[in-house]
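This briefing concerns the packing of helices and a few local features of the chain. Please keep the sequence and the structure in view while reading.

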Amino acid sequence: AMPVQMELSRIIISEINENQVILLREVDGERQLSILIGLFEATSIDRRVKHRPNARPLTHDLIVNVIETLGAEIDSVVISELREHTYFARLRLKRDGELIEIDARPSDAIAIAVTCDPPIPIYVAEEVLEEAAT
């Protein structure tokens, strides 16, 4: 099954909870997916979405800069698996016509997706959406 395109719909940052929440919404549908993430990744994503510049590159800026400097293009993010209550993602790069997939935490992959200008597409595997809904 083809992965489903999703978009970042909300970031819920709580100063009293260890875990933060990002909510993804299906681009052409009704389904949603919530993922618990850390405070650092949540604030990084939030800063990007609100277009708050930083004086120096942060970690996700650095990753994007390294990838682009090495001649690759960031293609997309796929949340590919849900295993024992943990989501797994792949950062998909293109270089010289070749698709390269790199294992990543969904929070980092989404932070990289929104760091790109324009933001790169975020996909979720159909099986992950089905499993998360149960």
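The count of aromatic pairs comes to zero in this structure, which is a predicted model. A charged group does, however, sit over an aromatic ring: the charged end of Arg83 is placed over the ring of Phe88. The points below treat the contacts between helices, and then the local features.

**Helix α1 with helix α3**

- Two packed helices are described by the angle between their axes and the distance between the axes.
- Helix α1 covers residues 39-49 and helix α3 covers residues 106-115; their axes lie 9 Å apart, at an angle of about 15 degrees.
- Angles under 35 degrees count as roughly parallel, and α1 and α3 are therefore roughly parallel to each other.
- The crossing of these two helices, α1 and α3, is left-handed.
- On the α1 side, the contact is made by Glu41, Ser44, Ile45 and Arg48; on the α3 side, it is made by Ser107, Asp108, Ile110, Ala111, Val114 and Thr115.
- Sorted by class, the residues of this contact of α1 with α3 are four nonpolar, three polar and three charged.

**Helix α2 with helix α3**

- Helix α2 spans residues 59-69, and its axis comes within 9 Å of that of α3, with a crossing of roughly 70 degrees.
- Angles of 65 to 115 degrees count as roughly perpendicular, so α2 is roughly perpendicular to α3.
- The crossing of α2 and α3 is right-handed.
- Helix α2 contributes His60, Asp61, Ile63 and Val64 to the contact, while α3 contributes Asp108, Ala111, Ile112 and Thr115.
- The contact of α2 with α3 contains four nonpolar, two polar and two charged residues.

**Helix α1 with helix α2**

- The axes of α1 and α2 cross at roughly 70 degrees and come within 10 Å.
- This angle makes α1 roughly perpendicular to α2.
- Phe40, Glu41, Ser44 and Arg48 of α1 meet Thr59, His60 and Asp61 of α2 in this contact.
- By class, the contact of α1 with α2 has one nonpolar residue, three polar residues and three charged residues.

**Local features**

- Where does the charged end of Arg83 sit? The charged end of Arg83 sits over the ring of Phe88, 4.1 Å from the centre of that ring.
- Is the peptide bond from Asp117 to Pro118 cis or trans? The bond is cis, and its omega is near 0 degrees.
- Pro118 belongs to the loop between α3 and β7, a strand at 122-124.
- His51 has a phi near 55 degrees, which is a positive value in a residue other than glycine.
- The loop between α1 and α2 holds His51.

Technical notes. Residues numbered from 1 in each chain as written. Predicted model: local features only at pLDDT ≥ 70, side-chain atom pairs only at ≥ 80, totals over all residues. Heavy atoms only, no water. Axes fitted to C-alpha atoms, helices over the stretch in contact; angles between N-to-C directions. Helix = DSSP H or I, 4+ residues; strand = E, 2+ residues; numbered from the N terminus. Parallel < 35°, antiparallel > 145°, perpendicular 65-115°, else oblique. Left-handed = near helix turned anticlockwise from the far one by under 90°. Contact = heavy atoms within 4.5 Å. Nonpolar A, V, L, I, M, F, W, Y, C, P; charged D, E, K, R; others polar. Phe/Tyr/Trp six-rings, centres within 6.5 Å; stacked < 30°, edge-to-face > 60°. Lys NZ or Arg CZ within 6 Å of the ring centre and 35° of its normal.
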